[in-house]
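Here are my notes from going through this one, point by point. Have the structure open beside you while you read.

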Amino acid sequence: MTKILFVVSECAPLIKTGGLADVAGALPGALSVFGDEVRTLLPGYRMVMGKLSKTKVVQKFDDLFGGPASVLACMVAGLDLLILDAPHLYDRDGGIYVDATGHDWPDNAERFAALSYVAAMIAADGVAGWQPDIVHGHDWQAGLTPEYMQATGTDVPFVFTVHNIAFHGNVGADRLVALGLDPSRFSADHFEFWGQISALKSGLMGAAKITTVSQTYAHELLTPEFGMGMDGVLRHRNPDLVGIVNGIDEDVWNPATDPNVTPYKTTKGKAANKKALQKVFGLGQSDGPLCVLVSRLSEQKGIDLLIAALPELLHRGGQLALLGSGDPLLEVALLEAAAQNENVSVKIGYDEALSHLMMAGGDAILVPSRFEPCGLTQLYGLRYGTLPLVALTGGLADTVINASPVALSSGVATGLQFHPITAAALGQSFVRLSKLYSDPKTWATMQRNAMKQQVGWDASAAKYHALYASLSSVAA
Ligand code: ADP
Ligand code: GLC
């Protein structure tokens, strides 16, 4: 049995802004099947603290980056949590990364340095008699962990997972002292990046192994096009970089038992959900496919491409139901598109329950991302028989079988992929989608294939398990 400390800034079902939380919430359970024991260190944000019960203080700090703090042990939804309760850092209104006006918290560097520092202390000294064999940090928020670990002299290996290379957690070198970093290590070999302190680079340089969330993204990361300035660092670390595709929680995302939908086991059961979804979104009946999209609204997600390509869908009787929030300009553009077309309906906001109904009621799920390390909504779509129409990139390339002539004739297609990632190519894929949708036999075959595809965690958890075992001397 390997003991692993997850260090992560969000974790479902407690706190979620994106797929990172889904992964952090589901992977520990999948690993337990292999005998691995995960404890998860998570910031005690205000909205997290309100959801805890039966907590036990297991560690105290008089002054953790400017205030007193403690670590609370508790169980939530089967997760073994270590909550970093530091009110001066996490007890506030607004989002977990941004304030109420959408700007990054000015002390984000300290907020997540504190998380990383406490992880390092637990690695070195244990907590209430429990000491990890491996520390596994996720994204830049956990990136400084190996810096603090090396200062303690511990030799516990650090694994770092890149969920999204776009976020670096960089701050000016003037924060060296405030962050308690060793100035003699402010160099290109460690955490210096173009004159700044980079938490992401620290994680990449300090990890025994780096993982990312799909094999294609692991290759893409090495290129200037996708590496976001870190491609050189990643080429340097390439021998220790491995792509392990995400799975989904098959209990939470199960059309046969989902409490948010009219449950179904075969695609016939989708009709009632489509009706319900059209009603919720104020859409009428239509001859074409009902496309759904659930996403953060950001440059990454290709929402502008969708808006430009929309006429190709609408001309063919297609519909769009979209749920998302984020970039205010994209929100306005989407609401405008909805105002102009009776077959387009947009809900701005975050709604977990509605996202389930969208998976059940949609005919196709759109993911037109410019880049997508893994992507989870196409996996939910597969499980619910809602065919993914996705850009050919990252995890979208690895998890969808494009309806090419060969895949169609051999009966294995599960969705559609478009490339290059442009509005024109997306428009063309709407033409293909409409054609397939108007051929019920082919469509039904694709739906069946989709619902049969393995999208759970088993295979990928086995890979993490093997990775931990290769690093941990005590592992079986
Ligand atoms: P990313 O992590 O880049 O945002 P993923 O596809 O990996 O993309 O994960 C996004 C997760 O967040 C999915 O579980 C998706 O259903 C959820 N999600 C995103 N936006 C919303 C929203 N507005 N309402 C409900 N769930 C959302
Ligand atoms: C990131 C990526 C997304 C991935 C998720 C979970 O937010 O943008 O593609 O699925 O992390 O790994």
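1. Ligand 2 first. The residues in the shell around ligand 2 split into six nonpolar, six polar and two charged. Bear in mind as you go that this is a predicted model.

2. Who sits around ligand 2? There are 14 residues around ligand 2, and H163, N246, E372, C374 and G375 come nearest. If you go by secondary structure, α1 has the largest share of that shell, with three residues.

3. For the polar contacts of ligand 2, start with H163: a polar atom of the H163 side chain is 2.6 Å from an oxygen atom of the ligand. On its own, ligand 2 has 310 Å² of accessible area, and the protein covers 93% of that.

4. Now the domains themselves. The domain assignment gives domain 1 as 3-247 + 458-475 and domain 2 as 267-452. Their C-alpha centres are 32 Å apart. Where the two meet, 19 residues of domain 1 are in contact with 17 residues of domain 2. About 1,300 Å² is buried between domain 1 and domain 2, and carbon and sulfur atoms give 59% of that area.

5. On to ligand 1. Its shell also draws on both domains, with at least three residues from each of domain 1 and domain 2. There are 21 residues around ligand 1, and the ones that come nearest are G19, D22, R296, K301 and G349. By residue type, the shell around ligand 1 divides into five nonpolar, nine polar and seven charged.

6. Which elements supply at least two residues each to the shell around ligand 1? They are α1 (19-32), β13 (290-297), β14 (319-326), α13 (352-361) and α14 (377-383). Of these, β13 gives the most, with three residues.

7. Two side chains to click on at ligand 1 are R296 and K16. An N or O atom in the R296 side chain is 2.7 Å from an oxygen atom of ligand 1. For K16, an N or O atom of the side chain is 2.8 Å from an oxygen atom of ligand 1. G349 uses its backbone instead: a backbone N or O atom of G349 is 2.8 Å from a nitrogen atom of ligand 1. Taken alone, ligand 1 exposes 560 Å², and the protein buries 93% of that.

8. Last, some backbone geometry worth a look. Most residues other than glycine have a negative phi, and most peptide bonds are trans. The peptide bond from A12 to P13 is cis, with omega near 5 degrees. You'll find P13 in the loop between β1 (3-7) and α1. Another cis peptide bond joins H419 and P420, where omega is about -5 degrees. P420 lies in the loop between β18 (416-418) and α17 (423-437).

9. One more for the backbone list is K54. Is its phi positive or negative? K54 has a positive phi of about 50 degrees, although it is not a glycine. Look for K54 in the loop between α2 (46-49) and β3 (56-61).

Methods. Residues numbered from 1 in each chain as written. Chains lettered and ligands numbered in written order. Predicted model: local features only at pLDDT ≥ 70, side-chain atom pairs only at ≥ 80, totals over all residues. Heavy atoms only, no water. Near = heavy atom within 4 Å. Polar contact = N/O pair within 3.5 Å; in protein donor to acceptor, adjacent residues only side chain to side chain. Areas by Shrake-Rupley, 256 points an atom, 1.4 Å probe, with all protein chains shown as cover. Helix = DSSP H or I, 4+ residues; strand = E, 2+ residues; numbered from the N terminus. Nonpolar A, V, L, I, M, F, W, Y, C, P; charged D, E, K, R; others polar. Domains from an automatic or database assignment. Contact = heavy atoms within 4.5 Å. Buried area = accessible area lost by both parts, 1.4 Å probe.
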